[in-house]
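Let's take a walk through this one together, a helix at a time. Here is what we'll be looking at.

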Amino acid sequence: MNISTIIFYVLATTIIGGAFLAVTIRKIFRAAVFLLISLIGIAGLYFYLNYNFLASVQIAVYVGGIVVLIIFSIFLTAESGSSMKKPALIRVLFSALATILAGIFTLWIIKWHHFQVNVGGAIEPSVRNMGRQMLSTTEYGYILPFEVVSILLLASMIGCIVIAIKPKA
Amino acid sequence: MEIGLTHILVVSVALFFIGIFGFLTRRNMITMLMSVELILNSVNINFVAFNKYLYAGKLDGVFFTIFIIAIAAAEAAVAIAIIINLFRNYKSIDVNESDSMKY
């Protein structure tokens, strides 16, 4: 067992443990903090896989943006210190049953499926290579989705302002 | 033991079904949104792992991940605007209590 394996298991424990606590703990603010820990673990997994740019995007957008947004909305809507109602036992039971069965089925498929490795030269996922391919206008370029996403972000920003604006009484 | 594709897929499957479990059991809108974020992240891990281990000569998995992150940010912002508006009108963000469009 070398150090790389140990790092992977530490990251996996952080991700899964944080996610599990985020969906089961009853204090809503603590759930947000555990979601934060899980997302940082996912960024660590990207670092582990050598995708440095993706890891920094994950930290900047998820940890720095979305979780802060969620925490703000918790402060604006709920009492952050109080506990939520306990979910009904029957719902927890059947949800756990359904998800565990589906999870076992999926793991069974992963265990027996033979993944075919596509041989060919490896491209280093550096920012230079990614930027050149993403903004290229040739066959494998992603310039059109890039522009569409920028329009989507603008539209959703305006939509948020229109939805959340306080109407004149 | 070498860490391969299967190990990372197991983490992603666990994360996905934890998110589904949270989505089914929670009744608070903000915590349901958090479960959706977990599900999207498990999909991102899948894309990155497949790109790394099966298609090392391409970058498409990375681009899909970046677009999913951008769309998740837009989705979270719109969802939180709706939640704040709902709270302003009904003083509650429990999905069982916001049923005025039901009948």
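Which exposed residues does the face of α6(A) turned away from its buried side carry? Before getting there, some ground rules: this is a predicted model, where local features need pLDDT of at least 70, side-chain atom pairs count only at pLDDT 80 or more, and totals for chains, interfaces and linings use all residues. Residues are numbered from 1 along each chain as its sequence is written, chains are lettered from A and ligands numbered from 1 in the order in which they are written, and side-chain values use heavy atoms, with hydrogens and water left out.

Back to the question: that face of α6(A) carries L144(A), I151(A), I161(A) and V162(A). Exposed here means over 50% relative accessible area, buried means under 20%, and partly exposed is in between (1.4 Å probe, protein chains only). Helices themselves are DSSP runs (H or I, at least four residues), numbered from the N terminus. Helix α6 of chain A covers residues 143–164, and its 22 residues reach 32 Å from first C-alpha to last, close to the 32 Å expected at 1.5 Å a residue; the expected span is 1.5 Å times one less than the number of residues. On the buried side sit V149(A), S156(A) and C160(A). Seen down the axis of α6(A), the buried residues fall within an arc of 40°, so they line one face of the helix. That arc is taken from the directions from the helix axis to the C-beta atoms. What covers these buried residues includes α3 (60–90) of chain B.

Now for a helix pair within chain A. The axes of α2(A) (residues 28–48) and α3(A) (residues 52–77) come within 8 Å and cross at roughly 175°, with axes being lines fitted to C-alpha atoms, for helices over the stretch in contact, and angles running from 0 to 180 degrees between N-to-C directions. The two helices are therefore roughly antiparallel, a label for angles over 145 degrees. Their contact (heavy atoms within 4.5 Å) involves residues including F29(A), L36(A) and F47(A) of α2(A) and Y62(A), I70(A) and F75(A) of α3(A).

Over in chain B, S12(B) lies in helix α1 (residues 5–25). S12(B) counts as buried because its relative accessibility is 3%. Not counting residues up to four places away in sequence, S12(B) touches S42(B), I45(B) and N46(B).

Finally, V95(B) lies in the segment after α3 of chain B. Its C-alpha is separated by 6.4 Å from that of M29(B), 66 residues apart along the chain.

Note on methods. Angles under 35 degrees count as roughly parallel, over 145 as roughly antiparallel, 65 to 115 as roughly perpendicular and the rest as oblique.
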